[in-house]
Amino acid sequence: MADAVSSPRITTKGWSLNDLVESSPNFHRIHRLHYSAPLVKETMSQHEASGIPLVINGWNRHPLWPKSLFNIEWLRRNGDQSPSVRNVHDWSDFQIPLSDFIEKMRTTSPHVTSQEKERLYGKDGYCPDEWTKWLTESGVIPDEVLFCGSNDFLKFLPESAKVQTLMCYMGIGDTFTPFHKDLCASSGQNLMCYTENGGSSYWFMTKASDAPKVVSHFHQLGHEVDLESHVVTLEELRTAPFDVYVTEQQLGDLVLVPPRSCHQVVNSGGITIKTSWSRMSLDGLRIAIYHELPIYHRVCRDEIYKVKSNIYHAMEHYTRVVEQTVSQTELASLVSKLKQLLLLFDDVLALEYTSQARLLSTQPIPFGSIRCDFCGADIFQSFFECGKCLPSSSSNSEESRIVLLGDGLVLCPSCYVEGRTCQCGEMQPVQCRVMGDLLQSRDRAVKAICRSESRAGQELGYLMELPNQLLEKGSGVFESACKLHLSRQSALKVRRILGSERSHSMPAPAVVTCKPCHASRCFTHLLEKNSLHSVEVIRVSDRHGNDVGWHHHHQASNENFLSSLPTILEDEQLGRKPNILLRLAHLAKTYTSCKPLKPDLTKPGWYDYFTIAAVVPQSRSCF
């Protein structure tokens with residue numbers, strides 16, 4: 001797998017939308033619709049559901065368009081005076097006085113030259129308060145696609161976990177963003193606010209359901225889409241086994257990016273200034289929890305949007321609203337959303353739960369305050385922590401420096417159960433909330449649903465009474481991780497792999513023996529040969545020991561995986577809830593490269609065949 005940013009000799013010189021679309025049978029124009037067209041809101045909703053990009057145009061001709069506000073001279077006086085910019089030729093980021101940046105953009109050729117060393121792009125910049133106020137208060141942009149609007153579940157996050165998605169982008173021709181997906185299956189909105197000297201932006205986008213095809217295609221080319229380190233060439237897109245939707249974004253164009261749509265943006269001509277934001281729909285939360293976050297965990301992409309916390313707080317919000325709603329017409333719609341959130345939260349709880357919770361250290365911390373130091377996952381409830389493997393601690397110190405939970409080196413359960421750990425290996429399982437409080441919130445939601453669906457109590461159950469039901473409802477990742485932790489406390493440190501075509505030694509906790517086979521196999525080879533993820537191995541071998549039950553299970557597992565693979569892929573394509581254990585195995589087989597957040601303080605796991613320590617730009621001609 002490539003470990004460098006492939007890039008940066010892109011030029012839009014000679015491009016036209018017509019020529020691009022006609023250059024390949026898999027290139028298609030993105031549908032455009034005027035903001036005043038009939039049924040525009042319904043069309044936006046349909047396109048998001050279909051996963052196909054859409055452009056709403058003509059906003060710059062709206063009577064309330066703030067031409068004097070969306071202006072580079074206004075920004076010069078009132079905007080961020082020290083914006084962060086990126087040199088697209090060497091991938092370096094630095095701050096620059098705004099006036100200097102504007103001057104450089106106006107004096108730099110709109111097309112890249114072979115000898116130039118610098119071409120600056122202002123990305124992820126601060127959006128002025130006045131722009132924010134116009135977007136949210138003018139009533140021009142439909143509320144359904146606005147941040148914190150009627151269809152943005154991110155607004156339910158508490159203050160401690162709030163995320164900033166509204167940003168500004170400023171650049172000239174031949175600056176770009178690499179091929180990527182927006183975070184956590186969020187929906188993207190990008191409005192062209194200002195242009196100079198014919199400035200525009202070319203967008204190359206994919207359909208949401210093609211995300212697995214896109215990943216597979218670029219894996220074959222040696223690139224990981226979710227690391228945002230590859231700038232695609234036209235030839236790579238023309239030969240791709242999926243459709244590519246193309247548009248030229250101009251002043252007043254609002255580009256709507258569906259969840260999981262992979263896209264690359266290349267600026268053309270003079271200065272362009274865009275404002276962009278993300279929002280999280282209920283469908284986006286479902287796709288994120290089942291499909292996007294597990295990928296982030298494997299490749300180590302920062303989660304940022306705190307999806308599990310978002311589901312929890314949205315569930316609490318809708319529980320209160322349902323409890324207070326009188327109208328039966330309103331109640332049906334609200335209960336439908338609450339029920340979807342509750343089912344998602346059940347799977348969150350199943351991942352975070354352990355039957356040994358009463359034995360663990362628990363200390364309340366603010367939501368969104370810590371993340372996994374290996375993969376970047378937001379920590380919602382359960383994790384492992386080490387107080388020794390810290391940058392400033394003495395290598396000879398045996399004393400933990402943890403004062404509050406999260407002060408030490410933190411690993412999420414999904415990392416720990418796959419063999420990832422700290423350098424010393426002496427991590428401890430902990431939880432940052434009382435599990436009973438979470439179960440109580442969940443059961444309160446069930447009671448609220450019963451206001452509309454009388455049989456909901458029977459159907460959904462009450463987990464405060466029988467919390468161990470969670471181990472049957474979902475993956476049991478933290479439960480398996482805790483069992484792995486117990487086995488790592490064993491005095492037996494190394495075990496020889498017996499009866500294997502590749503005899504070798506492994507730490508005892510990473511090896512499972514089968515008596516009927518008279519053989520042992522490590523977690524790595526159980527995935528390779530039997531298509532079994534460590535979570536399933538630990539669950540089944542713990543239940544059956546190393547006897548006949550385990551023997552029958554691992555003998556049949558690979559055939560079961562292969563017969564289920566079409567369904568696994570279809571679930572991913574459609575964003576449905578998958579078989580969690582089979583999906584874990586599929587992801588561990590598919591995503592074998594990762595970029596740990598703290599490689600010096602951690603060790604890779606059994607399925608991490610390639611680790612990427614740093615991103616180094618490579619210069620080549622792309623277009």
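User: Which side chain joins that of Ser382 through a polar contact of 2.9 Å?

Analyst: In this predicted model, a polar contact of 2.9 Å ties the side chain of Ser382 to another side chain. Ser382 itself sits in strand β17, residues 382-386. Its partner in that 2.9 Å contact is Gln431.

User: Is Ser382 buried or exposed?

Analyst: The cut-off for buried is under 20% relative accessible area. Ser382 has a value of 1%, so it falls under that cut-off. Ser382 is buried.

User: Let's go to Thr12. Where is Thr12 found, and is Thr12 buried or exposed?

Analyst: Thr12 is in the loop between β1 (4-6) and α1 (17-22). Its relative accessible area is 3%, and buried means under 20%.

User: Which side chain makes a polar contact with the side chain of Thr12?

Analyst: Beyond four places in sequence, Thr12 touches His111, Asp174, Tyr202, Val266, Asn267 and Ser268. For one of these, the side chain makes a polar contact with the side chain of Thr12, at 3.3 Å. That residue is Ser268.

User: How many Å apart in space are Thr12 and Val112?

Analyst: Along the sequence, 100 residues separate Thr12 from Val112. In space, going from C-alpha to C-alpha, the distance between Thr12 and Val112 is 8.7 Å.

User: Now the largest pocket. Which residues lie nearest its centre?

Analyst: The volume of the largest pocket is about 1000 Å³. Its lining is made up of 39 residues, which split into 17 nonpolar, 11 polar and 11 charged. Nearest the centre of the pocket are Lys123, Asp124, His180, Glu228 and Arg301.

User: Which element gives the most to the lining of the largest pocket?

Analyst: Several strands supply at least two residues each, namely β7 (120-126), β8 (167-171), β9 (176-180), β10 (187-195), β14 (263-268) and β15 (272-279). The top contribution is 4 residues. The strand behind it is β15.

User: Which element supplies the largest share of the lining of the largest cavity?

Analyst: The elements giving two or more residues to this lining are α8 (282-299), α10 (328-352), α11 (413-416) and α19 (580-590). The largest share is 6 residues. Those residues come from α8.

User: Last one: what pLDDT does the protein average, and where is the pLDDT below 50?

Analyst: The average pLDDT is 91, and 93% of the residues score at least 70. Over residues 393-398 the pLDDT is below 50, and that stretch has 3 contacts in the model beyond near neighbours in sequence. Another stretch under 50 has 39 contacts beyond four places in sequence, and covers residues 615-623.

Technical notes. Residues numbered from 1 in each chain as written. Predicted model: local features only at pLDDT ≥ 70, side-chain atom pairs only at ≥ 80, totals over all residues. Heavy atoms only, no water. 1 Å grid on protein atoms, 1.4 Å probe; cavity = no way out; pocket = protein on both sides within 12 Å on 5 of 7 lines; lining within 4 Å. Points joined across faces, edges and corners; volume = space filled by probe spheres on them. Nonpolar A, V, L, I, M, F, W, Y, C, P; charged D, E, K, R; others polar. Buried < 20%, exposed > 50% of the residue type's maximum accessible area, 1.4 Å probe, protein only. Contact = heavy atoms within 4.5 Å. Polar contact = N/O pair within 3.5 Å; in protein donor to acceptor, adjacent residues only side chain to side chain. pLDDT = per-residue confidence, 0-100.
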